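Please go through the following account of one protein chain with the coordinates open beside it. The text takes up sheet geometry, backbone angles, charged pairs and a surface patch in turn.

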Amino acid sequence: MTAPRFTPNGIEVQTYDEIYQELADGYRLIYGNDINLDPDSPDGQRVAIEAQARLDVQSFGSLLYNQLDPDFALGEALNSLIKLSGITRRPATRSQVDVSVTASRPVTLPVGYAVEDTLGQVWETISEIVLAAGITTVTLFAENFGAVEADPATVAEPVTFVIGVDTVTNPLSATVGREEETDEELRIRRNHSLETPRSSALGRLFTAVGDLAGVIDMAIYENDTDATDIDGIPAHSLWVVVEGGAVDDIAESLAKNKTGGKGMVGAVAGEWTEEVLKPDGTTFTIFHTMSFDRPTYVTILVKLNATRKDQSSPIDTALIANKISEKTLSIGENLLANDLYRNAFEAGDNFIPTGLEISRDAGVTWTAGRLVTDLDEKFIIGSSGVTVTEII
């Protein structure tokens, strides 16, 4: 190819060798075939510099061209293009944890009231909170956005001193936040959004709720029969389980996208008020009460042996635990113990992992096989719940 060009398949640019050969042929035509273009000669180096400069310009043009296609665009260019599909990049969210605050008298926790966990991570309030004497549950948010974990009874060291606050602790694990959506994840979600017009009613509902701000994960179960099914879902009803997202937003999306006559199952109730215009110009108000559920988190414990390949080469057991804890599962997804070996191997090649077992009941029972989750459960693996026994 002698020059970059547009084709039905997109833009085509030259390779470095094609550019170099084109320049070399041009110099030979000007100065004669006896010109010295060896790589270590002055003229040869000049041709190489010019060839690289042309390649850089053509590569920039190719990248700029690809920035017009949402399947190849990057960063801010992708953010601009996806607006045409009616979606935006999901921002990072903050992890949150419910703590029990024991106060000896009525107190006010200021905005930014901070408590530190055992790992030195800071959790804080985002609004002023008035507490009565006694024990009150308060929600704290991680100082940093993204996935921040905290096990039970670890958020207990106040950084902000408030007279009257005696103790702070978290009975349950933190709800882990989400990192900002990557370019790859955003491209996949955009392509899924384009499927909405030709998907089923259930698929449209899934897409609509899944696109809401703050929604991390979700599952939808449908019973089309005339009787309650084996999962306890009533006849002709939907059971929606949503992790993250505001209740009001979810209720509105459910009301707009579910089919008429479908019952909704769940312990969380949200209301959306719809006003429609009547023929006489007045408005008629419709109150939609939508029910759904939040996932039930189940902490999974993991134990395994790691045998040194070389007796003099220590094993980073903490890294193995961290890699295994990176395994994420969806709502209603079962867990196979063997799948975690893949995560363990990511921690290095100086050990052999064996005897991996998992437990969902705090270590009462263990299995090297499969753990089955209920439809509304979500398995969570924390690094502190992974026990690695090093064998020398």
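What follows is a short report on selected features of this model, which is a predicted one.

**Sheet and packing helix**

An open sheet of three strands runs in the order β11-β12-β13, and its pairing is mixed. The edges are taken by β11 (215-223) and β13 (263-265), each of which has a single partner strand, so one side of each is left without a neighbour in the sheet. On average, and with direction ignored, neighbouring strands of this sheet are turned by 25° against each other. Strand β12 (residues 237-244) pairs with β13 in the parallel sense over three bridges, and S237 has G263 in β13 as its bridge partner. Helix α5 (residues 201-210) packs on the sheet, where it touches β11 and β12, and its direction makes about 160° with that of β11.

**Positive phi angles**

H236, in the loop between β11 and β12, has a phi near 50°, a positive value in a residue other than glycine; H236 is partly exposed, with a relative accessible area of 32%. A362, in the loop between β18 (351-359) and β19 (370-371), likewise has a positive phi, near 60°, and A362 is exposed at a relative accessible area of 66%.

**Salt bridges**

The structure holds 17 salt bridges, including the pairs tabulated here.

| Pair | N to O distance |
|---|---|
| E252 and K256 | 2.7 Å |
| K303 and E357 | 3.6 Å |
| E390 and R308 | 2.6 Å |

E252 and K256 both belong to helix α6 (residues 247-257), where they are four residues apart, about one turn of the helix. E252 counts as partly exposed at 26% relative accessibility, whereas K256 is exposed at 52%.

E390 is partly exposed at 29% relative accessible area, while R308, at 17%, counts as buried. Elsewhere, E181, R189 and D211 are linked in a network of salt bridges.

**Nonpolar surface patch**

F6, Y65 and L68 form a nonpolar patch on the surface, with about 370 Å² of accessible area together. F6 is found in strand β1 (residues 5-7) and is exposed, with a relative accessible area of 63%.

Conventions: Residues are numbered from 1 along each chain as its sequence is written. This is a predicted model: local features need pLDDT of at least 70, side-chain atom pairs count only at pLDDT 80 or more; totals for chains, interfaces and linings use all residues. Side-chain values use heavy atoms; hydrogens and water are left out. Patches are made of residues with over 30% relative accessible area and no salt bridge: like charges are joined within 9 Å, nonpolar side chains (Val, Leu, Ile, Met, Phe, Trp, Tyr) within 5 Å. Accessible areas come from the Shrake-Rupley method with a 1.4 Å probe; for residues, only the protein chains shown count as cover. A salt bridge is a side-chain nitrogen of Lys or Arg within 4 Å of a carboxyl oxygen of Asp or Glu. Helices (H or I, at least four residues) and strands (E, at least two) are DSSP runs, numbered from the N terminus. Buried means under 20% relative accessible area, exposed over 50%, partly exposed in between (1.4 Å probe, protein chains only). Two strands pair if DSSP finds at least two bridges between them. Axes are lines fitted to C-alpha atoms, for helices over the stretch in contact, and angles run from 0 to 180 degrees between N-to-C directions. Contact means heavy atoms within 4.5 Å.
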